[in-house]
Amino acid sequence: TSGMGHEDVGMVVSLIRRLATERTVLMVEHNLKVVEDLSDTITVLQRGQILAEGSYDEVSNNPHVLEAYVGGTHV
């Protein structure tokens, strides 16, 4: 969704949601709102290795993810 306008992102999210019914979809996405809206399971990578895996809430509160991508848990 990089470079898309908000209205286009919404259309793409709706399309992916429809296509994902009874299918597994693998996405690489940096827009956290899109990730939160679409994902059942999120895998966070750091230098090609799995750093964390789980729901959006689990991953977004993981101290290792916060340290790697935001610089710490005290943001």
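In which loop is the place of R47? Select R47 to find out: the residue sits in the loop between β1 and β2 (49-54).

Before moving on, note that this is a predicted model, in which local features need pLDDT of at least 70, side-chain atom pairs count only at pLDDT 80 or more, and totals for chains, interfaces and linings use all residues. Residues are numbered from 1 along each chain as its sequence is written, and side-chain values use heavy atoms, with hydrogens and water left out.

**Whole chain**

Colour by secondary structure. The chain has four helices and two strands, where helices (H or I, at least four residues) and strands (E, at least two) are DSSP runs numbered from the N terminus. Read from the N terminus, the order is α-α-β-β-α-α. Along the principal axes, the C-alpha atoms fill a box of roughly 35 × 30 × 20 Å. Of the 75 residues, 20% count as buried; buried means under 20% relative accessible area, exposed over 50%, and partly exposed in between, with a 1.4 Å probe and protein chains only. Among contacts (heavy atoms within 4.5 Å) with a separation of 6 or more, 14% join residues 24 or more positions apart.

**Two loop residues**

Return to R47. Its phi is positive, about 55°, although R47 is not a glycine. R47 counts as exposed, at 81% relative accessibility. Next select E22, in the loop between α1 and α2. E22 is not a glycine either, yet has a positive phi of about 60°. E22 is exposed, with a relative accessible area of 82%. As background, most residues other than glycine have a negative phi.

**Helix α2**

Select K33 and D37 and show side chains. The two form a salt bridge, their closest N and O atoms being 3.2 Å apart. A salt bridge here is a side-chain nitrogen of Lys or Arg within 4 Å of a carboxyl oxygen of Asp or Glu, and by this rule the count comes to one. K33 and D37 are separated by about one helical turn, because they are four residues apart in helix α2. D37 is partly exposed, at 34% relative accessible area.

**The core**

Select V35, I42, V44, A52, V59 and V65. These six residues make up the largest nonpolar core, meaning a set of buried Ala, Val, Leu, Ile, Met, Phe, Trp, Tyr and Cys residues joined through side-chain atoms within 4.5 Å. Then centre on A52: leaving aside residues up to four places away in sequence, A52 touches I42, T43, V44, N62 and V65.

**The largest pocket**

Show the surface around M27, E29, V35, I42 and T43, which lie nearest the centre of the largest pocket among its 30 lining residues. Two or more lining residues come from each of α1 (6-19), α2 (32-38), β1 (42-46), α3 (56-60) and α4 (63-69). A pocket is an open set of points, on a 1 Å grid over the protein atoms alone, where a 1.4 Å probe fits, with protein on both sides within 12 Å along at least five of seven lines; lining residues have an atom within 4 Å of a point. The volume is about 1,100 Å³, taken as the space filled by probe spheres set on the points, with grid points joined across faces, edges and corners. By class, the lining has 19 nonpolar, seven polar and four charged residues; Ala, Val, Leu, Ile, Met, Phe, Trp, Tyr, Cys and Pro count as nonpolar, Asp, Glu, Lys and Arg as charged, and the others, Gly among them, as polar.

**Last stop**

Select E58, in helix α3. E58 is exposed, with a relative accessible area of 52%.
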